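Dear colleague,

Please find below the structure that I am handing over to you.

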Amino acid sequence: MRKKKIVEDVAIVDIADRGKSIGKTAEGKVIFVNGPVPGDIVDILLLRKRKGVFQGVIKEYKSYSEDRVAPVCDHFENCGGCKWQHLSYKKQLEYKDKQVKEALRRIAKVEIEELLPIVGGEKTEYYRNKLEFSFSNKRWLTDEEIRSDKDFGETKVLGFHAPGSFDKIVAVEHCYLQDSPSNEIRNFVRDFTIENDFEYWDARKHTGLMRNMVIRTSSLGQTMVLISFSRDEKDKISALLDAIIKRFPDITSLNYVINPKVNDTMWDLDVINYFGEKDIKEKIGDVEFIISPKSFFQTNTFQSKVLYDIAVDFADFKGDENVLDLYTGIGSIALYVAKKVKSVLGIELVPEAIADAKINAKLNGIDNAAFLVGDVKDILNDKFYKPDIIIVDPPRAGLHKDVVETMMRISPQKIVYISCNPSTQARDVALLKTKYNVIKSQAVDMFPHTHHIENVMLLTLAEG
Ligand SMILES: C[S@@+](CC[C@H](N)C(=O)[O-])C[C@H]1O[C@@H](n2cnc3c(N)ncnc32)[C@H](O)[C@@H]1O
């Protein structure tokens, strides 16, 4: 058997774009590894080489970086959700800013007039309005538990997927990501279902009643719970949901789905409203939103306002513009800008989200906003609408090449590109720059303690 190689005294020098740390040996060999922060010195066990880069795992910490801070969460080592909790927030922001700038330099290869500094979050804990927890009969065991000879047998657990695992779930007692009553509801549901012998999901055998639970909270004090069961066991479902209402009478929306499928996705399932409203209400700035259980909504409400204000600032509306908001979700950006422009049209794939968008327009007395359901790639063309400004906020994959080409044919004066993935944004900007000048770029931290980055860019149509 080949001897495993340990590389000693590797300096951790940087963070790569998916949050892995980059180590460099004295000879200049680069190794990607999970866990340490820049400034740490570590010994690394070398694993395979992938895409020309060595991967490794930490064997020992030789010295610690002065940028380290003590993580607040007890689950930090195992959970992986907030993997930068041990790096000072100031440094987190510096590395995120650097990553955006690197992506623009390396992939977009573009000169930008104003590279503005990243805007950090005021709230670095309890900043999410939505969390999804999974039920499983396989608890993720710590190294210590694995080393002990104890048989942990079937271990019912409600929490988050262990990093890279589809079936093992890390037990969560307290999560610092979502405000009260999220922790209380999760722990109550776990205790009630264990005490009453509810079977938990087995991701390998596809058995077990309890599958997932989504909790949404809003800055207006509302709470939505959506539980996914594998089959319609009416007595058990009612017993649990009634117990939740009794213990948490302030929940404003209690729903469930029956998901007999192998995968966890809910977009194709009917949501059954068991108690309260079917939607949850949220507010960004002056605009109120109702959000139905399956609709996308920015998960950090406070920073969404910061993000949208940057987009508005970049767009610099004069009041007479026709605006297109691609990937509009429940019309969040379209409605946020509607009162500042002549008209706005939002396009979105999920029909429920567009139904919400239309209700949201009415709710806010907005009559210059229209919405279309469908894939942007299929709907967008250069015939039906001539916008002055296009705002895009696509998912991580960025824009389809056809969408970029159609946008260039439509050739609006300005494009405001909001992205949750600087690499795909830079790739798209590399195409757009043939017709557009890249004026401004500013990142916003919507997800403290994680590697996720949101970035806003302004492009203006080049003359001639
Ligand atoms: C990052 S979210 C942005 C939502 C919205 N702009 C906001 O700020 O809340 C991306 C949205 O694009 C939608 N989407 C994904 N692929 C799409 C496609 N091919 N065509 C239209 N919409 C799509 C998703 O359903 C989601 O609502």
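This is a predicted model: local features need pLDDT of at least 70, side-chain atom pairs count only at pLDDT 80 or more; totals for chains, interfaces and linings use all residues.

The protein chain is divided into three parts: domain 1 (6–68), domain 2 (90–124 + 300–461) and domain 3 (130–284). The centres of domain 1 and domain 2, taken over C-alpha atoms, are separated by 35 Å. Between these two domains, 5 residues of domain 1 are in contact with 5 residues of domain 2. On the domain 1 side, the residues that touch domain 2 comprise 3 charged, 1 polar and 1 nonpolar.

Strand β16 (residues 322–326) is largely enclosed by the rest of the structure, because 4 of its 5 residues are buried. Strand β17 (residues 343–348) runs parallel to β16 and is joined to it by 5 bridges; Asp325 has Gly346 of β17 as its bridge partner. From β16 the chain passes through helix α7 (residues 332–338) to β17, a β-α-β crossover that is right-handed. β16 also pairs in the parallel sense with strand β19 (residues 389–392), over 4 bridges, and here Leu324 stands opposite Ile390.

As to the ligand, 20 residues surround it, the closest being Phe296, Tyr327, Gly329, Leu349 and Asp393. Two or more residues of this shell come from each of α7, β17 and α9 (376–379). By class, the shell has 12 nonpolar residues, with 4 polar and 4 charged.

With kind regards

Conventions
Residues are numbered from 1 along each chain as its sequence is written. A residue is buried if 20 or more other C-beta atoms lie within 10 Å of its own, exposed if 12 or fewer, and partly exposed in between; C-beta atoms are placed from the backbone. Two strands pair if DSSP finds at least two bridges between them. A crossover is right-handed if, with the strands pointing away from the viewer, the path from the first strand over the helix to the second runs clockwise. A residue is near a molecule or strand if its C-beta atom, placed from the backbone, lies within 6 Å of it. Ala, Val, Leu, Ile, Met, Phe, Trp, Tyr, Cys and Pro count as nonpolar, Asp, Glu, Lys and Arg as charged, and the others, Gly among them, as polar. Domain bounds come from an automatic or database domain assignment. Two residues are in contact if their C-beta atoms, placed from the backbone, lie within 7 Å.
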